[in-house]
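Here are some friendly notes to read alongside the model. Please keep the sequence and the 3D view open as you go through the points.

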Amino acid sequence: MRWWDIAPVMELELELFPEDAWSTGMYWSELAEAHPGGTRHYTVATAADGAIVGYAGLMAVAGEGDVQTIAVDRRHQGTGLGAALLTDLIREAARRDCAELLLEVRVDNPRAQRLYERFGFEAVGIRRNYYQPAGIDALVMRLDNPRTEPKDPKEDRHG
């Protein structure tokens, strides 16, 4: 993700997270740390026409990683794009020698929770009223020892 991606990312952010969207300033602040030696890694996914259809971000500090955000345009959900974005973040966390990777996910978003579970994330706690202004709780999930080759989510499919 580069500075010129912020406007289209914000359009998608506001569409997907109308109640608790990040601000433009938050993305500028995050990207200010997305440089060699910085603490952030952000990526975008584009459609054939160049339109941004997904994005994801990672913070990595002192051996600990945190998924800052991950989002996929509704028209592209279920296509494997979320898994591809998450794979990118896990590989980057491993490259930065993170011993663990944490994330928060809305308790009312089972689809995202299943994605994270397929990659080996486990629930470790709840953050009450984390998502504001709606007051929705966040499920905290952790992946120990992220690897450059993340767990293959297909391994868990049966039938």
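Does E30 count as buried or exposed? At 10% relative accessibility, E30 counts as buried (buried is under 20% relative accessible area, exposed over 50%, partly exposed in between, with a 1.4 Å probe and protein chains only).

Before the points, a word on the source: this is a predicted model, where local features need pLDDT of at least 70, side-chain atom pairs count only at pLDDT 80 or more, and totals for chains, interfaces and linings use all residues. Residues are numbered from 1 along each chain as its sequence is written, and side-chain values use heavy atoms, leaving out hydrogens and water.

1. Let's stay with E30, which forms a salt bridge with R40, the closest N and O atoms being 2.8 Å apart (a salt bridge is a side-chain nitrogen of Lys or Arg within 4 Å of a carboxyl oxygen of Asp or Glu). This pair links distant parts of the chain, with E30 in helix α2 and R40 in strand β1 (residues 40–46), ten residues apart. Helices (H or I, at least four residues) and strands (E, at least two) are DSSP runs, numbered from the N terminus. R40 counts as buried too, at 14% relative accessibility.

2. Now look at D20, whose side chain meets that of R106 in a salt bridge of 3.2 Å, N to O. Distant parts of the chain are linked here: D20 sits in the loop between α1 (6–16) and α2 (24–32), while R106 is in strand β4 (residues 100–106), 86 residues apart. With a relative accessibility of 19%, D20 counts as buried. D20 and R106 also belong to a network of salt bridges that includes D108.

3. Because R142 lies in strand β6 (residues 136–144) and E100 in strand β4, the pair ties together parts that are 42 residues apart in sequence. R142 counts as partly exposed at 29% relative accessibility, whereas E100 counts as buried at 19%.

4. For the overall tally, the count comes to eleven salt bridges by this rule.

5. Finally, have a look at N129 in strand β5 (residues 122–131). N129 is partly exposed, with a relative accessible area of 45%. Not counting residues up to four places away in sequence, N129 touches G135, I136 and D137 (contact means heavy atoms within 4.5 Å). N129 and L101 are 28 residues apart in sequence and 22 Å apart in space, C-alpha to C-alpha.
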